[in-house]
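Look through the sequence and the structure below before reading on.

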Amino acid sequence: MRLSRIVVLVLIAISSVAFVRAQQNSPASASQREFVPQGIDELRQGASSKTEFTLDHSMLILATRLDPNNEDLRRVIAGVSGVSVHNFRYAKPGTFDPLAVESVRDDYRSAGWKQVMNKSEKSGGPGVTDVWVRLENNAISNVAVLVAKSNEVDFFVVSGSISPIDLAHLGGHFGLPKIEGGVEVPNTARR
């Protein structure tokens, strides 16, 4: 009887190791280990409220069932392996560290991502919108967006095969801001 318990424990241990290795090599777990710049941690620490989550491909597919008539969304999700959303709010306007935002930019530059958009307020205020893409085999494999306002910073990464138009289809879903014509549309319903 004691020998059978040992055999069962060994089989469980072997199965656990195989499961962990499979998870580490799967595309979904790769999207969960995506590059997050160090500046995001700095922005997180100074925030008075934080909302952060990551959805892998299977969770995204499940979430599309909430909007079954949106064929564009389902088509886009087919190529997306994950979405990571970070939303930070600050007690007073202008209290986030602008050097942390610059650190995020530097981290993406040094990691080889291509910046495709950099929009700052003309008055030199804290409003910033940056979009970076990572290319693999001349195709976009990841998109990262940072939107910094006077008292809020939104940062999200979409992993997988995605085009800029696909990113627009994702806007308004999964915590991503709605984007029309390259401009973020304010969400007045959440305030």
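This is a predicted model: local features need pLDDT of at least 70, side-chain atom pairs count only at pLDDT 80 or more; totals for chains, interfaces and linings use all residues.

**Nonpolar cores**

- The largest nonpolar core has 19 residues, and L43, Y108, L146 and V153 touch the most other members.
- Two or more residues of this core come from each of helix 3 (38-45), helix 6 (98-110), strand 4 (128-136), strand 5 (139-148) and strand 6 (152-160).
- Helix 6 gives the largest share of this core, at four residues.
- Another core, of 17 residues, lies apart from the largest one, and L60, L73, I77 and I140 are among its residues.

**Contacts of L146**

- Leaving aside residues up to four places away in sequence, L146 touches I40, V101, V104, V128, T129, D130, W132, V153, D154 and F155.

- A100, V101, S103, V104, R105, D107 and Y108 are the buried residues of helix 6.
- These buried residues pack against helix 3, strand 3 (114-120), strand 4, strand 5 and strand 6.

**Helix 6: its two ends**

- At the start of helix 6, the backbone nitrogen of L99 has a side-chain oxygen of D97 within 2.9 Å.

Notes:
Residues are numbered from 1 along each chain as its sequence is written. Side-chain values use heavy atoms; hydrogens and water are left out. A nonpolar core is a set of buried Ala, Val, Leu, Ile, Met, Phe, Trp, Tyr and Cys residues joined through side-chain atoms within 4.5 Å. Buried means under 20% relative accessible area, exposed over 50%, partly exposed in between (1.4 Å probe, protein chains only). Contact means heavy atoms within 4.5 Å. A polar contact is a pair of N or O atoms within 3.5 Å; within protein, one must be able to donate a hydrogen and the other to accept it, and residues adjacent in sequence count only if both atoms are side-chain atoms.
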